[in-house]
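This explanation goes through the pockets of a predicted model and then turns to its nonpolar cores. Please keep the sequence and the structure in view while reading.

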Amino acid sequence: MPEIDLAFSDFERIYADLPPAPLRNRFFEENPLQGKKRAAIARPATTSIGNYGTGPIRKVFSQPGLFAGALFFVSGNTLYRRDTDGTTFAINGIVYGEGEVSMCVGKGLDYERLFIADGARLQFYSGGTKASGIVSYTGGSDAAPGDQVEVNGTYYEFETPDGFGFVTDGVGSSSNPFKVAIGGTWDVSLDNLRSALAFDGTSGQTYSATIAGQNLQVTAAYVSPELTITARIDTAAGNLYTLTDPVDGGSNIQTPALGLFTGGNNHGLSGIEMPDGLPPTQVGTLKSYVIVAVGSTDRFYWVEPAAVTIDALNFATAESSPDQIVSLNIMQDTVWFVGQSVTEIWYTTGDLALPFSPVSGRVYDRGALPGTVVNVKGTLYLVDQDYVVYAISGGAQRVSNHGIEEQIRLAVAAES
């Protein structure tokens, strides 16, 4: 039986009047069981996210560690977030335009942000509001022994320390709550409860020695007379967290009337003003700086670490050729600016006044058509002005054939 050879790429050469060899939505893998030792595998579809918004899907983005691994995608003019459990919801705000959308991450010890450039606006998303509840006192001088506060299923009970200043142990259940030291005033006692949640007091004295660490569901802050307890998550599930006072011996503890946290799950985009109203087209993060390329120019700005504003003087110019920046890509510890005719590489200097500088001798005489630049595991793939696909790493290597190049040329001509 004759074997039918498989084409490794789509090939159609109209100019040479050659028969087409189509390859649709597949990729190749080795297959030792097949005569030619290769197999064409179908690519997975994206129908699940295609059901959201008006379309088209303009961007899909995810980065490990950002918002607990959530997936973000833009459908039409709406940004969506999909959490790892499949929960998907729209984020309030507008992603402008109809073309390419660029995203990157800004993350620090106490913040995480998704930056978005759409060719008209620079915006960021910093998560939703987190649900919270308040514990306060309404009278009396202090908590009464046996008073309890329940925080989403974990129970804490106020107790008078023994003669040596210690409180007894507990397991956090309704029948055997963790113990919190009564401090002599409401301010001290409620701050001791805050310490029990934060695990920053003296174990065995401020709270039960059996408390082994921070409460992983909530954070807490005390400003007299209110102890504010806040969910760590920013989704609707936080509004279901419970906060009650199941035992209030002195009728002096006040918790939410419905016994639930409130105010969580409000998600929206925030804007960043661009100097002179310039249009941001590309963003990328390097050494905690967010780099912003400006459309139709060779200029880029940067947002300083942890900031959400741009200093009008924080800019530089990709100078090796006076062409427009088509794409910026972070490659290891450098940023690659792909222009219309050249690609140049910059690095971080460590100088706060001038944090970026070009790498001497690292300029490639290959530019790109807009929307064609892709970073695949440290190798940059692009379509240059001659419609040739190149892979750029240590050098520029052509990876397309004449058939692919002819199809790209015809597609560009059809759009122009």
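The second largest pocket has a volume of about 420 Å³. Its lining consists of 22 residues, and those closest to the centre are Phe67, Arg81, Glu112, Arg232 and Asp234. Two elements, E7 and strand E8 (111-117), each give two or more residues to this lining. Sorted by class, the lining holds 9 charged, 7 polar and 6 nonpolar residues.

The largest pocket has a volume of about 800 Å³. It is lined by 31 residues, of which Lys59, Phe61, Met103, Val283 and Asn329 are closest to its centre. Strands E3 (57-61), E7 (102-108), E19 (280-286), E23 (325-331) and E27 (374-376) are the elements that give two or more residues to this lining. E7 gives the most, with 6 residues. Here the classes are 13 nonpolar, 13 polar and 5 charged residues.

Next come the nonpolar cores. The largest has 26 residues, and Val135, Val149, Val151, Tyr156, Phe158, Ile229 and Phe261 have the most contacts inside it. At least two residues of this core come from each of strands E11 (148-151), E12 (154-159), E13 (178-181), E14 (218-223) and E15 (226-231) and from helix H2 (186-198). H2 supplies the largest share, 5 residues.

Beyond its neighbours within four places in sequence, Tyr156 is in contact with residues including Val149, Val151, Phe178, Val180, Leu193 and Leu197. A second, separate core has 17 residues, among them Phe61, Met103, Val105 and Tyr125. Phe61 and Met103 are also listed among the residues closest to the centre of the largest pocket.

Definitions and conventions: Residues numbered from 1 in each chain as written. Predicted model: local features only at pLDDT ≥ 70, side-chain atom pairs only at ≥ 80, totals over all residues. Heavy atoms only, no water. 1 Å grid on protein atoms, 1.4 Å probe; cavity = no way out; pocket = protein on both sides within 12 Å on 5 of 7 lines; lining within 4 Å. Points joined across faces, edges and corners; volume = space filled by probe spheres on them. Helix = DSSP H or I, 4+ residues; strand = E, 2+ residues; numbered from the N terminus. Nonpolar A, V, L, I, M, F, W, Y, C, P; charged D, E, K, R; others polar. Core = buried A, V, L, I, M, F, W, Y, C linked by side-chain atoms within 4.5 Å. Buried < 20%, exposed > 50% of the residue type's maximum accessible area, 1.4 Å probe, protein only. Contact = heavy atoms within 4.5 Å.
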